[in-house]
Amino acid sequence: MNKLQIGDHLKMADTMKIEKASRGKVSMKVSWFDVKGKRHYQSYSLNEGEQIEF
């Protein structure tokens, strides 16, 4: 999944949870609702220096 999609999911997110942070890497889980009200989850792993927009 590319950074644009991560940013879009973060803008729609109702929860963002940092699951693990270690040397140079962060694992996070994002959940959001679609237009039909169904909840979706996606896990992301970000490396040091990567930037995302909220």
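This is a predicted model: local features need pLDDT of at least 70, side-chain atom pairs count only at pLDDT 80 or more; totals for chains, interfaces and linings use all residues.
Residues are numbered from 1 along each chain as its sequence is written, and side-chain values use heavy atoms, leaving out hydrogens and water.

**View 1. The largest nonpolar core.** Seven residues, Ile6, Leu10, Met28, Val30, Trp32, Tyr44 and Leu46, form the largest nonpolar core, a core being a set of buried Ala, Val, Leu, Ile, Met, Phe, Trp, Tyr and Cys residues joined through side-chain atoms within 4.5 Å. Two or more of these residues come from each of helix 1 (3-12), strand 2 (25-33) and strand 3 (39-47), and strand 2 gives the most, with three residues. Helices (H or I, at least four residues) and strands (E, at least two) are DSSP runs, numbered from the N terminus. Apart from neighbours within four places in sequence, Leu46 is in contact (heavy atoms within 4.5 Å) with Ile6, Gly24, Lys25, Val26, Met28 and Ile52.

View 2. Phe33 stands opposite Arg39 in strand 3, and within the hairpin, which has five residues between the strands, Gly37 takes a positive phi near 90 degrees.

**View 3. A salt bridge between Arg39 and Asp14.** The side chains of Arg39 and Asp14 meet at 3.1 Å, N to O, in a salt bridge (a side-chain nitrogen of Lys or Arg within 4 Å of a carboxyl oxygen of Asp or Glu). The pair links distant parts of the chain, with Arg39 in strand 3 and Asp14 in strand 1 (residues 13-22), 25 residues apart. Arg39 counts as partly exposed because its relative accessibility is 31%, and Asp14 is likewise partly exposed at 38%; buried means under 20% relative accessible area, exposed over 50%, and partly exposed in between (1.4 Å probe, protein chains only).

**View 4. Gln51 in the segment after strand 3.** Gln51, which lies in that segment, counts as exposed because its relative accessibility is 65%. The C-alpha atoms of Gln51 and Gly7 are separated by 9.7 Å, although these residues are 44 residues apart along the chain.

Note on methods
Two strands pair if DSSP finds at least two bridges between them.
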